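Hello,

Here is the structure you asked to look at, with my notes below it. Please keep it open while you read.

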Amino acid sequence: MTAQKQKLPHGITPYLFILPQLVIIAVFFFWPAAQAVHMSFMLEDPWGLASQFVGFENYALLFSDSSYGRSFIFTLVFSFLVSLISLALALLLAVKANSVLRAQKSYRVLLTWVYAVAPAVAGLGAYFIFNRQIGVLSQAFNDMGWAFNPETDPFDASFMLILVAVWKQVPVNFIFFLAGLQSIPKSLQEAAQIDCQSDSKRFFTITFPLLAPTSFFLLVINLTYAFFETFGLIDTLTQGRPAGATTTLVYKVYQDGFLGADLGSSSAQSVILMILVLVLTAIQFRFIERRVHY
Amino acid sequence: MSKQLNISQLVKCYGNNDPAVQGFNLAVEEGEFIVLVGPSGCGKSTILRSIAGLETITSGSISLAGKDVTHLAPAKRDIAMVFQNYALYPHMSVYENLAYGLKNRGYNKADIEQRVQQAAAMLQITDYLPRKPKALSGGQRQRVAMGRAMVREPALFLFDEPLSNLDAKLRAHMRLEIKKLQKRLGVTSIYVTHDQVEAMTLADRIVVLNGGKVEQIGTPEEIYHNPASHFVASFMGTPAMNFLPVTALGNNVVRLPNAQELHLNNVPNNEHLLIGVRPEHIDLHGHQVKVEINLTEELGASRLIHCQVGEHPLTVATNEPITKFNAIAFNQYYWFDSKTGARLGDSQFIEEEAARA
């Protein structure tokens, strides 16, 4: 049997239908991306009046800059921890909320509403909670004998950022995990109950593998979140302090480009970031996705 | 002889509603094949799930192989269950599906290998062992589900409508396979279905349930020839038994819905009298009851003739090549109380049948 491809006679109409979307992608993605690549090879004066082609000098400078290396490592560690902790916490909450029989809806609402809080607002809230003079949590840490000071201590500042970023990300993961759990047929869980006595073993051999596609999807989402969307939190909470210890790659692009007016270096960083995301996504879809689907 | 499974006074309530199961009792011999049958909502699945331990019961007790299992976890009960949608683990190969329960019970590798291979050979699924469930057809999945129950060699098999997801032809085939397999392995089995053909063909004993209560427990022959109630008589047997409301006039004479008066045997003295006649127990040459023919359904070997007695429908099953007649006779009939649904009179037909045999 030969598969005959259905061919419809068409003129310009289908292209007109997809044109709006293409225009949006072109204007808001391809054009800025091309602009960034172009600018990463230029050296511009701070007023934006003149620029000259410098080749790979911006990149060379970046790789010899120790603060960039530090930011790179901080971003990786930060993203890894935020993703891991928020995923683990959300999974635990979803499993527990799923097994609750009474007031299941209330639990769901309570565990999801944080999702609606804008990052900047969350940052502001956290700013007050962690404030050294009036912050409740700062006070609590101090009372416990931990001289908590995110202004000067890189560990404290990172700890604070991770805590807030995780708090902000748990609801999204929770919703997806709960949906994933509820899509596992009840009879499958029951068959497993007959086959396996231990709750925890059953979770790791049946439930968790069945959630693998969800987990993989969430991993991609969470890494992207930690990379890019924590900008608002960092800007309201630490602005990269102390001494650039909490500067993620994205925040550094902003700092160097918009505050430092070094558009060439900032563009070069954007390009590296772009490549990094491409590589990460390619790896994830090529190697991991193949294993998680059953 | 020791009872393999003993259920006494099982009650299950969901929330504050009426109990789904009201005081269910059953004693099962070792190796017996019991079928629980009834319409949806009759409590048959609840009973099965209670035996499995998937439902906590409100009161009563269950013991298996001489051990009280009422409060044990499902995995500790030495039972295996085959689910309606098979419930195979989609992320595991067929081999892993079969081995999972054994692995968790601490069997060693060689033992698992041997049991899985043996079960696979018996079910003819050896070729599919490395495959994932999604690469199997419905019938193959059904076999794997059976295999998963078999490898454990449990004291009790539980089947929850295992054939209802299959098409008609495959269903008839798998029904036979299940019966053969059960006889060969000799494992005590409880089978839940709403299909009375499955119940009749598979069971050593049938339990007919209605509204959370037992209507009758008996062998397929008993259920068919000697139904204990209107419900059992109407539920078991295809085509279903005919029922006509009649009025007793005394001296064993009744008035039929078409106003005809008829002399019958052992007419009970009852106000709300219902006569039950199976379609296959009607004599076309009887010239006793006037009928009007509405429609004939040709089935090949036999035919169903839908008639009317007054306003009431009456189905006749026959393998005679007759399509036209205007009066029939009842060869065998049963009496029921149309108000309570109770069977009236004695079981004379059973004795007659026995005498004839």
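Gln239(A) sits in the loop that runs between H10 and H11 of chain A. (Helices are DSSP runs of H or I with at least four residues, strands are runs of E with at least two, and both are numbered from the N terminus.) The phi angle of Gln239(A) is near 50°, a positive value in a residue other than glycine. Most residues other than glycine have a negative phi, and most peptide bonds are trans. At 29% relative accessibility, Gln239(A) counts as partly exposed; buried means under 20% relative accessible area, exposed means over 50%, and partly exposed is in between, with a 1.4 Å probe and protein chains only.

Two notes on how to read all this. This is a predicted model, in which local features need pLDDT of at least 70 and side-chain atom pairs count only at pLDDT 80 or more, while totals for chains, interfaces and linings use all residues. Residues are numbered from 1 along each chain as its sequence is written, chains are lettered from A and ligands numbered from 1 in the order in which they are written, and side-chain values use heavy atoms, with hydrogens and water left out.

Which residues does Ala157(A) touch, not counting residues up to four places away in sequence? They are Pro150(A), Thr238(A), Arg241(A), Pro242(A) and Thr246(A), where contact means heavy atoms within 4.5 Å. Ala157(A) itself lies in helix H7 of chain A and, at 0% relative accessibility, counts as buried.

On the H5(A) side the contact is made by Pro119(A), Ala122(A), Ala126(A) and Phe130(A), and on the H7(A) side by Met160(A), Leu163(A), Val164(A), Trp167(A) and Lys168(A). By class, this contact of H5(A) with H7(A) has eight nonpolar residues, no polar ones and one charged. (Ala, Val, Leu, Ile, Met, Phe, Trp, Tyr, Cys and Pro count as nonpolar, Asp, Glu, Lys and Arg as charged, and the others, Gly among them, as polar.)

One more helix in chain A: the buried residues of H2(A) (residues 57-64) are Asn58(A), Tyr59(A) and Leu62(A). Seen down the axis of H2(A), they fall within an arc of 95°, so they line one face of the helix; the arc is that of the directions from the helix axis to the C-beta atoms. The face turned away from that buried side carries the exposed residues Leu61(A) and Ser64(A).

Now for chain B. It has nine helices and 22 strands, and buried residues make up 51% of its 357 residues. Along its principal axes, the C-alpha trace of chain B spans about 75 × 45 × 40 Å.

Helix H4 (residues 138-150) and helix H5 (residues 168-185) of chain B pack at an angle of about 15°, with their axes 11 Å apart. That makes H4(B) roughly parallel to H5(B). Among the residues that meet there are Met146(B) and Met150(B) in H4(B) and Leu181(B) and Leu185(B) in H5(B). By class, the contact of H4(B) with H5(B) has seven nonpolar, three polar and two charged residues.

Ser164(B) is in the loop between strand E7 (156-160) and H5 of chain B, and is partly exposed, with a relative accessible area of 28%. Leaving aside neighbours within four places in sequence, Ser164(B) is in contact with Gln84(B) and Arg171(B). The C-alpha atoms of Ser164(B) and Gln84(B) are separated by 6.7 Å, although these residues are 80 apart along the chain.

Chain B has a cis peptide bond too, from Thr238(B) to Pro239(B), with omega near -15°.

Best wishes

Note on methods
Axes are lines fitted to C-alpha atoms, for helices over the stretch in contact, and angles run from 0 to 180 degrees between N-to-C directions. Angles under 35 degrees count as roughly parallel, over 145 as roughly antiparallel, 65 to 115 as roughly perpendicular and the rest as oblique.
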